Each structure stands twice: as C-alpha cells, then as structure tokens.
Amino acid sequence: MIYTRLFASLCALTSTAAALTPLEVSGKDFVDSKTNDRFQIIGVDYQPGGSSGFTKKLDPLSDADACLRDAALMQRLGINTIRVYNLEPSLNHDECASIFNAAGIYMILDVSNPLAGGYLDRSQPWTTYSAIYYKQVFGVIEGFKNYDNVLGFFAGNEVINEDAHYVTPRYMRAVVRDMKDYIAKNAKRAIPVGYSAADIRDILMDTIHYFECDLKNSTSSRADFFGLNSYSWCGDASYKSSGFEDLTGDFADATIPVFFSEYGCNEVTPRIFTEVQAIYGEEMTQAFSGGLVYEWTQEDNEYGLIKIKDSKTVTTLVDYDNFQKQLNKLDIDRIMSSNATQANVKAEECSVSLITRAKGSQPFYNAWDLPEVPPKVADYIKNGLPDAPTGKFVSVSSTTIPQKVFDHTGKEITDIKFEVKSGANTPSSSNSGTSGSTSDSSSGSSSSSGTSSSGTSTPTNAASLNGAPSLALGGAGGFFMLLASLL
C-alpha cells in the first residue's frame, strides 16, 4: 500500500515538472510538438518593477514568491504566455520557470538587458557586436534552454527604428543567426528565435521582409517569428479605424508566425480591450498568432493590470477585470484549430526587390552581407559558453499564495489558488470567480488618463518581495522527505 501511494505521489511530483509540451514553428503557426495542434498566444508582458528595477541581483524570474502570486492571478485570467524583458544569467530561475510551467504558461524571453554590455547599440552596432555582448545573450540561452515552457527568445526589441544606424538590420539579423547556431549546437531542441519590432508603418514591412526571407548562404539567420509592438487601437476603436485591418492585410502573406509582442493603448482609461475580439477574430487569426497585453504590474507609465502595494498585498485593477471579460468571450476551440494552409508557406529568397524604402532620406538597408562572427563568439558557439549556469525544473508543491489580493473596489478576493495544469492555461479553464470581504487596506483604482508611452526601448524587471518561496525542491532531498511523510 505504501509503495502504491509512493508511486502515485512521485507521479504527481513529476507532472508538476512536465506540464507543458515544447512548441515549435510550422509555417506561420506555433504548434504543439507532439500533437501538432495550433497554439495562439494569449499573453501579458511581465516586468514587475518597471524599467528601472532590473539589477544583477534581481530579475523578473528570480523571486519565486512573486512568481507564484502572479502565476495564480494569470491563471485566473486565462493567460498562456508571458514575455519577460530583462534577465540576469547568473541568477537561479528554476523555481519561477517551474511555477509558470506548472501553471500552463509559456515564456518568451528577451536576451538583452539595459546594463553595459547587455545590448546591441542601435546607433553604432559594430561597437557592441562582441564577445562581451554574447556572454549576456548566450548566458540567457544557457540558463533557460532546459525549460520546456520556453516558447522562444527575442534577439532584439525595437532595435531598428528612426534612430538606428543604416546598417543596424544586418547586425540584428546576424544576432538571430548566432543565437540559432548556438542553440543548434548546445541545446536539446530547436528553440525558436525572433525579433520584436516597433509599429513604424514606413519601415514595418521592410523589417519583416528583411528577417523572414531565405538567405541561401545563411539559412540559420532567418527569424523564426516576428513580434509587433502596436498601440494603435485606443479605447472603443474599430477594426478599421485602429489600422488593424491594414495590419492584417500587410501580414497576410507572412511566412513565419506574427503576433503582438505588446498591445494595449492607455490614452483612454480605463482600458476596455475591445481589440481582443479582433486579434482573436476569424480575420486576424489567419495573419496573427495572438498577442501579449502591456503590461502586468502598474508602473509609472500606468499600463498595469495589477498593482503591488507591498510584499503582502496586491490589487487587481479595473483593467484586469476588463481584460478578463474580453478573454472570457473567446472561442478557444476555433482559435486553436489548425489550418493546413498556414503551415504550407514558403519564404521568398532575399533580394533587393523586397525592400520598398531603399532610397530617400531614411532608406532601409537592402543587403544581406551579414558581419562575420567574432572569433571568441565562434568559439562559444562551437564549445558552449564556459561556466554558464543551466536551469532545471523543480517540483511545485504550494497551491495557496501568501499575499492578500483585493479587487479595485477594495474587496478581498479569497478564492485564488495556484493550480497545476496538465497543458496550456486557457480562459475557459481558468478560475474566474471572486469573493471578498470589504477592506480599506487596498482600495485600488483604474489608471488615470494621460499621454501614451509604450516604454518599450528599455523595459525591465522584478520588484523585491519578501517571504520564503512556496516551493518544494525536487531531487534526492525531496524524494526522501516525501518517503518519510508516507512511512
């Protein structure tokens, strides 16, 4: 009897570490690598602490207590993907990665950070395209390559814009090449690599064409996916007035997955998120693979869905409730259904004809003469980044978050639990019920109207939160503790 209970308990622990199947790219879709089912991103951008909170000692995925709280609240919404901007490779991310994995939430990770040596300088990219920069890039890959819930890596975020040097695109595509070559040589699976672009309509199509075309002498430099940071749908706009109709037409012929890596204009508050029905509507799902709303926590730019008062208290804002109402209307079965034509697409060969803005006062770079890999970087690709920490899943045992949660009226929400999932989280499978007793300690409020600011150039990371991580670590220690409890 004891052995039966022990086996069952061990199976339960194992399931917390293997909740999600890795995703892969098939044509212009993300698909489940086992079932081949289509996957649409229903996500949120995750950078607790805002653009100034990132340090070498703390990043968004190094505080397990905060991750457990946020994962439970995201499950309630129906979130299946987060985007995380600034990461420090030397920190341990096992607990947070395991929490989001068990929650049924994938992660898209930016490899750059705003500190010296952590980013590609758009104004002089040749000065930072170096081994110092790649210690950051490859360090993030090493730290996260073993987590099955890593959907992909962003090689850059809005690096190509009006302030970028003319040759910046060639360096940015070279970063994609180097990352993919490193993954091919040093990881157990082909983790997708993509680029996140600003919604600058004059160069938007040139940008995706530059990244998605097939370069015969450097096939690995082709991006696997393309993210768009767009805030053109404000308030109760329409599919046409917002420009989303134009975007759908522009990306209809894309040959890689395209999604909104940021969306959610806040020029009109509170946000009502009517664009959700368009993003996941029948027209747009033929061109887009979903999106991530900006952003999770309330910071100075007032885009948050929740507000962190202190280490013990959090408030869900009006935007959280409004977003949840829109997600709960979605037809998940239709959204996730496969379309054979989406997979049967072929990339065009790279040529100058793909670039429409090749001349004028601000021409777009129209050559694919990528820079050679620096010698030390080539050695990293061949042999791996030396002494780089690598992550592993650990078991998640706690289902109750330690913080008190209040809604925007000040009522306590008492039924929030972390649930271990057997697959991706969805709005239909999330817990949407609320209950509460009135409390004056955290009243919460919606964002006030103000000037929109996407905050996308140098986003950042996690606020410091007290409290012990609510996790039981796996391995031999966890096994014997389990055994002792059963005997």
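In this predicted model, the C213–C350 disulfide is right-handed because the torsion about its S-S bond is about 90 degrees. C213 sits in the loop between helix 7 (201-212) and strand 9 (225-229), and C350 in the loop between helix 12 (340-343) and helix 13 (375-383), so this bond ties together parts that are 137 residues apart in sequence. C213 is buried at 2% relative accessible area, and C350 counts as buried at 14%.

The structure has three disulfides in total. Here they are side by side:

| Disulfide | S to S distance | Torsion about S-S |
|---|---|---|
| C67–C96 | 2.1 Å | 95 degrees |
| C213–C350 | 2.0 Å | about 90 degrees |
| C234–C265 | 2.1 Å | 95 degrees |

The C67–C96 link is right-handed. It runs from helix 2 (residues 64-77) to helix 3 (residues 94-102), with the cysteines 29 residues apart. C67 is buried at 0%, and C96 is buried at 1%.

C234–C265 is right-handed as well. This one goes loop to loop: C234 is between strand 9 and helix 8 (244-251), C265 between strand 10 (258-263) and helix 9 (275-279), 31 residues apart. C234 is partly exposed at 22%, while C265 is buried at 4%. Number the bonded cysteines in sequence order and the pairing reads 1-2, 3-6, 4-5.

T409 counts as partly exposed at 48% relative accessibility. Its side chain makes a 2.6 Å polar contact with that of D407. The C-alpha atoms of T409 and T316 are 9.3 Å apart, though 93 residues separate the two along the chain.

Key: Residues are numbered from 1 along each chain as its sequence is written. This is a predicted model: local features need pLDDT of at least 70, side-chain atom pairs count only at pLDDT 80 or more; totals for chains, interfaces and linings use all residues. Side-chain values use heavy atoms; hydrogens and water are left out. Buried means under 20% relative accessible area, exposed over 50%, partly exposed in between (1.4 Å probe, protein chains only). A polar contact is a pair of N or O atoms within 3.5 Å; within protein, one must be able to donate a hydrogen and the other to accept it, and residues adjacent in sequence count only if both atoms are side-chain atoms. A disulfide is a pair of cysteine sulfur atoms within 2.5 Å. Helices (H or I, at least four residues) and strands (E, at least two) are DSSP runs, numbered from the N terminus.
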